[in-house]
Each structure stands twice: as structure tokens, then as C-alpha cells.
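I opened a structure I had not looked at before and kept notes as I went. Here is what I was looking at.

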Amino acid sequence: MSSLLSVNGLRVGFGDRAEPTFAVRDVSFSVDPGEVVALVGESGSGKSVTALSIMRLVEYGGGQIHGGQLMFDAGDGAVDLASSTRSEMANLRGKVMAMIFQEPMTSLNPIFTVGEQIMEALRLHRRESNTGARERAIGLLERVSMPDPESQMARYPHELSGGQRQRVMLAIAIACGPRLLIADEPTTALDVTIQAQILNLLRDVQAETGMALLFITHDMAVVAEIADRVVVMRNGEIVEDSRVTDLFMAPRHAYTRALLAAAPRLGALSGTNGPRRFAEPSYSKSAPPLVGDRTPLLEVRDVVTRFPVRTGLFRRKSAEVHAVEMASLDILTGQTLALVGESGSGKSTLARSVLRLIEPASGSIRLRGRDLIDLDPEEMRKMRAEMQIVFQDPLASMNPRRRVYDQIADPVRIHRRVDEAELRKRVEGLIQQVGMQSDCLERYPHEFSGGQRQRLCVARALSLSPSLIVADEPVSALDVSIQAQVVDLLIELQERLNISYLFISHDMAVVERIAHQVAVMRRGRIVELGPRRAVFETPQHPYTRQLLDAVPIADPGRRYQKNRQVHSASSKSPIHPIGVRPTPMSYKEVSPGHLVENIIE
């Protein structure tokens, strides 16, 4: 069988054409008709540049193809995409080859309805009438399992959830029946349940239409779920190309083995009670768990947080979003409580309510016995030295115009009176604590990798020696190897400094590595709470079981053995009329410290 796509000796450079910096060097691989090929590697390995080169979009980002062939069977003969004109490529894109990206919000046009954007591809490439294009667009939304597709046609991208937007992108991509679909990290930013839905959908559409799929990811569990063959890239070159079962059973290259070793696997800590570093063998059950202190550091009781919905000309409050409803939890000194759930379940809102970055409507939040809600602004400012936060995107949470030294030193300057010599010594010590050298202090955030920037954010959070750090999705945007380094760092700092963490994540395998306790949130309520081992090994709530069941398994042999329940459990609207009182939560204790809500909807 001849290949649908054959990449031969591809070289792509950026910068001066006479002396370019090569991001891709002599890359060669093929994709057969109906085949799913995963292109994997860490950030900077050249995956996305290769994909953009195939679509000939790389030149719009400053790149140039300096050599090689991109032979593609367009159906009426093979063409070399590398030498095709822009008009020829415009005719091929969307018609016989299509691409979907990681962040659909930046790919969809915010001023057009989703219906218009699907219909545009049909009118352009299939010359369909408005009526015919509309009917087919509704059918495409049905095919990608969009609820109530006819009404969704009139909605704008910002009115849809992340999973719904990715479904719209897939509908646009398959509108004209492409022979090749390139998916660039399409599920990285999605929750496990939505990720499972999109993967199932991609697999179903690919099997139904017979199109080939080039799937770009750094998640090896996703690779095991969907790929037939795997191409591993490192530093712009291919280091391994093999069938997916062969790669997982006997990886040939050391880099591939490192990627597989760094990938978190749910169930790796089965039978153990405490967190464990990635650097420690998961089979070593004898290592003592980090048990921390039994003294509650933070006590959250019946917290309710709501947001106003304003409508009309005068923007009057007409309803409320019930973001957090009667949430209660304890975080013990020196321990980690992980907050898990889908997007919109209230995880980040509860975390920000704990820090009073968002004001709760009612409830109590006690840190070392002091109720934070009763504090005036000046007292609260002093208490903030005890509580710090690390955000998901380190680049967005750092000032691009200020040196790293100043950004780590600022919290100390604000809360403490320290002379500059002592401050410099303190900051250098913090940098060394997070595994970096002091010579980086004079540099700017853009000069670091994602993992390094997250280490700098951790150093900044440690600058005031806080007792509590809120980590809001701190590793979800990082490659697996960098993710492992950051998780190991957090565990090491907790062991050494006795810090408590409120760790928010949708990655259940990472939560298993770091958490002592787990709280599961659904529609603003905590539906299950208990020790990590109890919640993960004997989940009691159907929603908890659904979250765990949706986690991809890094084992190709178990791809089709898993009967998944991947329907979203957060589809009910959180908007309610003004004055609706929260229903008190009632729990039953199924084992020591393991609570599950009594009334299950």
C-alpha cells in the first residue's frame, strides 16, 4: 500500500535565511491511508513545526522549509506540498487535509457563530448553497455528538465549553471529508472526561471515514489509547519510529524509555498511603510515606461563593451562578489535599475563596484558628504572608519586563523589612532550593523554559516561608518529564519545610503521586472526601468512579478492554434565581476519614 503522506528529509529553519536556526533537521516518516500516527516528544522537539510545515502554515510564523519533500496523495495524484504555491495549498487545506489545534478559542473566530464557521468551509470547498450547507453543518454537529446541534448553530465560541469548542473544530475539520487530519495536542488542556470523549470521537470518525490521523502529543497514555504507530522526536530529529505495541513493550532509544518512565500512571501507587516522588521506583512499597502532622492548618466550613448574572440595559442582577456550595474540608499541617473535578466544578473558585481573592458569600475559613472572613483589609494583608499561590501558566503570572530577582524579592520587600544584602542572600537561597543557579536572577521570564519558569514561581511562593501554598493546575501545561521534576520538587519541599498544599488538578495520575487527601468536586459541591488511597482504590460516588474510569491507560493492550463512562456530569446549569438557599451537605463515613455525600442525584 502506497503512503498517503511521505515526509522525506524535511528541514525547517527560523531567522536569517542565509544562516537559519534549524528547528527540524532531516525528518523522514510516512502516514498510510487510514493509519493513526502519533508524533511525540517534549516541547521544542519539533513536533508542531513538522505539522505546520506539512500544512505549509509554518511560513506564517517566520519559518522556512529549507529542504526535503512532503509528498501527499491528494486523490488525483501525488503532489509535493513543499513546493506547492500558496493558492494550491489554500485549495488543499480544508478539502483533502485539515488541522485542529490545542486551543480552539484562538482558532475560532469570536465574531461569527459556530454555524457560520462550519458552513464557510462547505461553501468554499463543496460549493454548497446556504440551505444545503446549513443542513450539512447540523449533521456534522450531530456526528461529533454536540447536544442540541440546531440551537448550537446560533451560538458564539465564547458561549461554549472547552470540550464543545473542540467538537466544533473537529466538525469544521471533517466537513469536506479530508484524507488526512492533523491534531496538534487537541486534548492537553481538557479534563479527563472531556479528553476521553474527544479521543473516542476522533477514533469513531477516523474509523467511519477512513481518513488518516497524525496525532501530536506529549502524553504517552493518550498515545497508547489512539495510535497505530509512534514517531518519537527529540531536538528536531526522529529518534524512534515503531508500532505502538513494540514501542511500549520494548522501546529502543534511551529518550523513549525516559518519556515512558516519566509518564504518570494511575494505579502505580496502589497499596501505598502517602505521596511518592517520580524519582523513586513505584514498585518500592517499603519507603515510608510522608504523613505530615495531624494538626489542621486550614479549616474550611460551609463556604458558599456566588457570582451575579447581570442583564438588561442597566445591568441589574437577575440571577446568580452557584460556583461553590457548602464546601467543607481540612488541610493538615505538612500534608497535601488535592481538589479534583471537571472544569466548572468550582475547584479554582474554592481555592481563590480560601485566599479571599474572591469574597465568599458565607461560611468560615480558619487558618491556624483565625477566621479569615472576619479580618479587615489590613489584617488580611498581613495574613497573606502565610498563604501563597502558584498558577497554571507561569509566563502569564510573571511580569515580562522585570528581572527574576525583583519578582522573587518583591513579596519580602512588601511584607518584611530586610536590607538588600540580606534580601539578596535570601533570594539566592530560594533559587538553590528549587534546583536552579543564582546566575539566572538577572534574566527575564521569556529566557527560561516552561519548567524553569514554574520553578521560579515556586521560589517566589516560598519567599515568605508560607505555611500554605495553593497550587492551581501547576503542571498541566508541562511536558511529562518536566511535570515529574516539578512534582518531585513540591514533595521534597514539603518534606523539608513542612508546607501544606491545596493542589488543584484534573490529572488523576499526578494527584495520586502528590496527595495525602483527595476532595472530589461536582457542581460546586464536594461529593467525596478522604485519604488518597481510599478514594482512588475504593471510590464510592459514581462521579468519582467516572473521573477515574476516564483516565487513559499507558498500555496499548488494554485500549479496547476498558468500558468507559465518559459522559460529562457537569452539564446541569449552575445559574439559579436570586435568593435560592444552599442545601446543607450530608455525608456518610464509609471508612475512617472517607466521606461520601448521602444524597446522590
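What follows are my entries, sheets before helices.

**Ground rules.** This is a predicted model, where local features need pLDDT of at least 70, side-chain atom pairs count only at pLDDT 80 or more, and totals for chains, interfaces and linings use all residues. Residues are numbered from 1 along each chain as its sequence is written, and side-chain values use heavy atoms, with hydrogens and water left out. My labels are DSSP runs numbered from the N terminus: helices (H or I) have at least four residues and strands (E) at least two.

**Entry: the six-strand sheet.** I started with an open sheet of 6 strands in the order E6-E7-E8-E3-E9-E10, and its pairing is mixed. Two strands count as paired if DSSP finds at least two bridges between them. Which strands stand at the edges? I found E6 and E10 (237–243) there, each with a single partner strand, so one side of each has no neighbour in the sheet. Neighbouring strands are turned by 15° against each other on average, direction ignored. For angles, axes are lines fitted to C-alpha atoms (for helices, over the stretch in contact), and values run from 0 to 180 degrees between N-to-C directions.

I then followed the pairs. E6 (residues 97–100) and E7 (residues 180–184) pair in the parallel sense over 4 bridges, and Met 97 stands opposite Leu 180 in E7. At the other end, E9 (residues 229–234) and E10 pair in the antiparallel sense over 6 bridges, with Glu 240 in E10 as the bridge partner of Val 232.

Helix H8 (residues 192–209) packs on this sheet and touches E3 (36–40), E6, E7 and E8 (212–217); its direction makes about 160° with that of E8. Contact here means heavy atoms within 4.5 Å. Helix H11 (residues 254–262) lies across E9 and E10, at about 105° to E9.

**Entry: a closer look at E6.** In a regular strand the side chains alternate between the two faces of the sheet. Are the faces of E6 buried or exposed? Both are covered: Met 97 and Met 99 on one side, and Ala 98 and Ile 100 on the other, are all buried. Buried means under 20% relative accessible area, exposed means over 50%, and partly exposed lies in between (1.4 Å probe, protein chains only).

**Entry: the eight-strand sheet.** I found another open sheet, made of 8 strands in the order E16-E17-E18-E13-E19-E20-E23-E22, again with mixed pairing. Its edge strands are E16 (387–390) and E22 (587–591), each pairing on one side only. On average, neighbours here are turned by 20° against each other, direction ignored. E19 (residues 517–522) and E20 (residues 525–531) pair in the antiparallel sense over 6 bridges, and Met 521 has Ile 526 in E20 as its bridge partner.

Helix H16 (residues 450–462) packs on the sheet, touching E16 and E17 (468–472), and its direction makes about 175° with that of E16. Helix H20 (residues 542–549) lies across E13 (336–340), E19 and E20, running at about 105° to E19.

**Entry: helix pairs.** Two packed helices are described by the angle between their axes and the distance between the axes. I looked up H4 (residues 114–126) and H7 (residues 162–174): their axes come within 8 Å and cross at roughly 20°. H4 and H7 are therefore roughly parallel. Angles under 35 degrees count as roughly parallel, over 145 as roughly antiparallel, 65 to 115 as roughly perpendicular, and the rest as oblique. Val 114, Gln 117 and Ile 118 in H4 meet Val 168, Ala 171 and Ile 172 in H7.

Next came H14 (residues 404–415) and H15 (residues 420–433), whose axes come within 10 Å and cross at roughly 120°. That makes H14 oblique to H15. H14 makes the contact through residues including Tyr 405 and Arg 413, and H15 through residues including Glu 420 and Ile 431.

Entry: Arg 127 has a positive phi near 55°, though it is not a glycine. Where is Arg 127? I found Arg 127 in the loop between H4 and H5 (130–143), and at 69% relative accessibility Arg 127 counts as exposed. Arg 368 is in the loop between E14 (362–367) and E15 (370–371), and its 54% relative accessibility makes Arg 368 count as exposed.

Last, I checked H1 (residues 47–54), which is mostly covered, with 6 of its 8 residues buried. Arg 56, which follows H1, has a positive phi near 60°.
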